[in-house]
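This briefing covers strand pairing, helix packing and model confidence. Please have the sequence and the model open while reading.

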Amino acid sequence: MYNPNDPSRVVKKRLRERLGNSESIKATAMSDIDGGGKYTRRWVFLTKKRLIVIELDGSITFEKRVKDIESIEVREFAGSGMLIVETGDGLTEEAARFTKTQSKDFLKVTKVAISVLGVNGNGNGNGNGNGNGDSFLKGEEEASNGLDDSRCPKCGRPLPSGTSVCPFCVHKRKVLARLLGYVRPHWKAAAASILLLVTITMLSLIPPILLGKLINGITEKDTSLLVKIPIYLISVYAAMQVLSSLRVYTMGWLGENIIFDVRTQVYRYLQMLSLNFYDRRRTGELMSRVTNDTANIRAFLVSGIPTLLVNVVTMVGVGIIVFTIDWKLAAISLLPVPVLLLGTSLFARKIHGIYHTIWRSWARMSSVLADTIPGVLVVKAFAQEDREVDKFEGTNKALLSADMDSFRLRSMFFPAIGLLMYLGSVFVYWRGGFQVVAGELKVGDLVTFVSLIWMFYAPVQSLGTITDQVQMAATAAERIFEILDSKPEIRDSRDSVELSDIQGHIVMKDVTFSYTPEKKVLTDINLEIKPGEMIGLAGSSGSGKSTLVKLVSRFYDPEEGYVEIDGVDLRRVNQRSLRERIGIVLQEPFLFHGSIAENIAYGRPHAGMKEIVRAAKAANAHEFILRLPNGYDTEVGERGARLSGGEKQRISIARAIINSPSIIILDEATSSVDTVTERMIQEALERLVEGKTTIAIAHRLSTLRNADKLVILDEGRIVEQGTHDELLERNGVYSKLVKMQTEIAKARAV
Amino acid sequence: MSAEEIENLLDPGQIEIRRDGSGKPNIVIGDEEKPVSRFIRSFPLTSPNTYVSVWDGDGNELGVIENVRKLDESSRKVVDEELEKAYFMPRIRKILRVKELYGGITEFSVETDRGYRDFEIHGRSAVRMMGASRVVITDVDGNKYEIRNLKDLDSRSKSLFGWVV
């Protein structure tokens, strides 16, 4: 296949001439912008000896010997990037420019240059701080893609947003075969459904034949037929209806049960997967897999496959009968079929586009709603009601016009198709009429013929859309299998150890961790926390505090080094037993839908009322709970009682207390409340942490004053450790932070 | 608030931006010359030439240029060159082909002021209207393209564009 990223023949030839045979290529990238900012195609080759750039016409635009290259780096901007080479005398040169489409390949080139050839990385000579500019650009890029990979690693085509399943690389047959695997446990129901389906379809072919015979009976004045045939007809119709009702039930049962299995399995997997699976995906998109994708699969199993089956049986059956009656007439009556097929598939494509527009208009309208209804306070506060109404009206109008497009198309298509089918049958009547008059055909057979032809036209129409349905089901199935096939990265080893009574002695040794290969979040962390000790973690945001506590809870495993609790490496510890021993209070407490009591007892569902009240008291939550009319039975969560941030926080502290954990993690637990509430929470926390190993993260350094030891992180490294007084004396990062915060506090007081 | 000056604003008469021996941009403020790491647009989409921030290598803002056009000729040339490199956004002159592929992805083939280009976008959300007739399109890889004025496009391009939006 043609790939624009592959070097052209001219370029390859030029490269060979230049390199000879001994120099092999270590890395390649395609540069698609020239020095003047125009689109172009040139190729960057890195060998052991040189970095060379060759233009499409074979001219060399850049060449440097590796030993002359002091350092190499990729600088990324908004919309483009640059490969920059620094030579010995401090001169920097642009080797190539490229669009974001090529960034990955260029990063690979620099990586190879740095790791294989030993060139220096990112401008250490000039103290270049491009990190500042890049970090916010990156944020924007991620928002537009949602995933790390925006292109399929196999075929390079862009991926639909929110998935890593490429519709082109989906192995349709394999996926559908696997989907049918879910039918196997219910094979009896499946076999019964198919049998019913085929029987009903064949039965449905009988009435037209009987009707023909009846008419023949009338014209031939055969009264015996006039008695027999209505009886046959009634029995066939009755049998069809009985079997149909059985069929509807069995197929429904089958479809629902299969999808029940799939949904349960997907949800169980989602719960088992480690946090890093969730890091890379959006909530709404994962929810849609459990709901929309399973619904698509059900539609395919319950209506797609049966319809296909019915259609094929009908067409074969009708075909055989009409061709036996009169093959010439049959051949003529099939003339509209190609037009029908073509018209339907054309229509399907057109209407698909329109439905897509309708769907987008819906999405836009809902997003206006989702924006303004929760934000109604802001709208009113700024008196912008009229503008919001206008905005809504705009999206509503777009929806109207898209809807009308679909009606217009449908209002033209269906009558046209209908007319075509009528024309076909009129033609058969006309032609058949002559044959009847000539005595070549009986009147009854003509009637049979025309009714059967109608039965033939309908399936043809639905076959025009079958490929779309298969495609949709296959993609939906693949998206579900994507979840079922991901392996949780953090698993309990077979000989995992149960942590029961622990002292809470935490040791981190040479721990290094990163979420993505490009950026280390924690580097060489060495830390010991003795049982019962409280340490405070401080540092600017992004310094790795939250990541450090996530490693202690084993939401992630370190890349290098290890984390131990009471001398046991966490990788050998049973996850469930570990989490039961750790109490976590987060910055923004998340409460589930349910009563306050249920929320407090979340970690110990069988806790008694006494324990719940005791925990709430210790958390300073008891009093405010009793002030609510339903006390501990008050519903919280999305539609429940409105609790303030501080109240929620105290419930979440009670939730941690009731587990009587040995290790406590406080993640900025008091950052978003007023001073009085802060004191209440502070008291609650002090009771919670008493005698237990505690790691507290805080922005407000005042909340860390009780800590036995403070650990200051900066860019993923521990830069200072010691007590409050020791660190102040050192006059380092910590004392700077303290000074800054006291100044802010003073300014506020004024 | 509006009458007051913003902090760190550079007086176009008091500064000069020039390249040092190795081609890197430097800024001269008064009688001090400092190396510049980047020029950052405050409003890259709506007003690219105003409030351009000048940063040094340590991520500190050295100052803000209120309007690049008010700089002297040679300074302005350096800033323009640097901005052009950093904010690569070809201008679409003609839409040749638009094709809906799958999963909400649409493929464009366009003629720009930088040459011919094919790119793919994620549905309608990738097309952002800036006012009545200016359009900024972001492709699946994060590259940006601009239609300066929809009205100036030929009728075929316009109808192809209308098909997407």
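The points below start with confidence and then go through the helices and sheets.

This is a predicted model, in which local features need pLDDT of at least 70 and side-chain atom pairs count only at pLDDT 80 or more, while totals for chains, interfaces and linings use all residues. Residues are numbered from 1 along each chain as its sequence is written, and chains are lettered from A and ligands numbered from 1 in the order in which they are written. The model has an ipTM of 0.84 and a pTM of 0.61.

**Confidence**

- Chain A has an average pLDDT of 81, and 90% of its residues score at least 70; pLDDT is the predictor's confidence in each residue, from 0 to 100.
- Residues 123-148 of chain A have a pLDDT below 50, and this stretch makes 36 contacts in the model beyond near neighbours in sequence. Two residues are in contact if their C-beta atoms, placed from the backbone, lie within 7 Å.
- Where pLDDT is low, the predicted coordinates should not be read in detail.
- Chain B has an average pLDDT of 85, with 95% of the residues at 70 or above.

**Helix packing in chain A**

- Helices (H or I, at least four residues) and strands (E, at least two) are DSSP runs, numbered from the N terminus.
- Helix α5 (residues 187-219) of chain A packs against helix α13 (residues 443-463) of chain A at about 155°, and their axes are 7 Å apart. Axes are lines fitted to C-alpha atoms, for helices over the stretch in contact, and angles run from 0 to 180 degrees between N-to-C directions.
- α5(A) and α13(A) are therefore roughly antiparallel; angles under 35 degrees count as roughly parallel, over 145 as roughly antiparallel, 65 to 115 as roughly perpendicular and the rest as oblique.
- The crossing of α5(A) and α13(A) is right-handed. A crossing is left-handed if the near helix is turned anticlockwise from the far one by less than a right angle, and right-handed if clockwise.
- Residues in this contact include A:Pro208, A:Ile209 and A:Leu211 of α5(A), and A:Val443, A:Gly444 and A:Asp445 of α13(A).
- By class, the contact of α5(A) with α13(A) has eight nonpolar, six polar and two charged residues. Ala, Val, Leu, Ile, Met, Phe, Trp, Tyr, Cys and Pro count as nonpolar, Asp, Glu, Lys and Arg as charged, and the others, Gly among them, as polar.
- Helix α12 (residues 385-437) of chain A also packs on α13(A): the axes come within 10 Å and cross at roughly 155°, which makes the two helices roughly antiparallel.
- α12(A) and α13(A) cross in the right-handed sense. Among the residues in contact are A:Ile417, A:Met421 and A:Gly424 of α12(A), with A:Leu446, A:Phe449 and A:Trp454 of α13(A).
- The contact of α12(A) with α13(A) has 12 nonpolar, four polar and no charged residues.
- α5(A) packs with helix α6 (residues 223-272) of chain A at about 160°, with the axes 8 Å apart. These two helices are therefore roughly antiparallel, and their crossing is left-handed.
- The contact of α5(A) with α6(A) divides into 24 nonpolar, six polar and two charged residues.

**Sheet in chain A**

- Four strands of chain A form an open sheet in the order β9-β8-β11-β12, with antiparallel pairing. Two strands pair if DSSP finds at least two bridges between them.
- The edge strands are β9 (522-529) and β12 (568-569) of chain A, each pairing on one side only.
- Helix α15 (residues 545-552) of chain A packs on this sheet and touches β8, β9 and β11 (560-565) of chain A; its direction makes about 120° with that of β8(A).
- Strand β8 (residues 506-513) of chain A is joined to β9(A) by five bridges and runs antiparallel to it. A:Ile506 stands opposite A:Ile529 in β9(A).

**Strand pairing in chain B**

- Strands β9 (residues 105-112) and β10 (residues 115-122) of chain B pair antiparallel over eight bridges, and a hairpin joins them through two residues.
- B:Ile105 has B:His122 in β10(B) as its bridge partner.
- An open sheet of three strands in chain B has the order β11-β12-β13, with antiparallel pairing. β11 (127-130) and β13 (144-147) of chain B each have a single partner strand, so one side of each has no neighbour in the sheet.
- Neighbouring strands of this sheet are turned by 20° against each other on average, direction ignored.
- β11(B) pairs with strand β12 (residues 134-138) of chain B in the antiparallel sense over four bridges; B:Arg128 has B:Val136 in β12(B) as its bridge partner.
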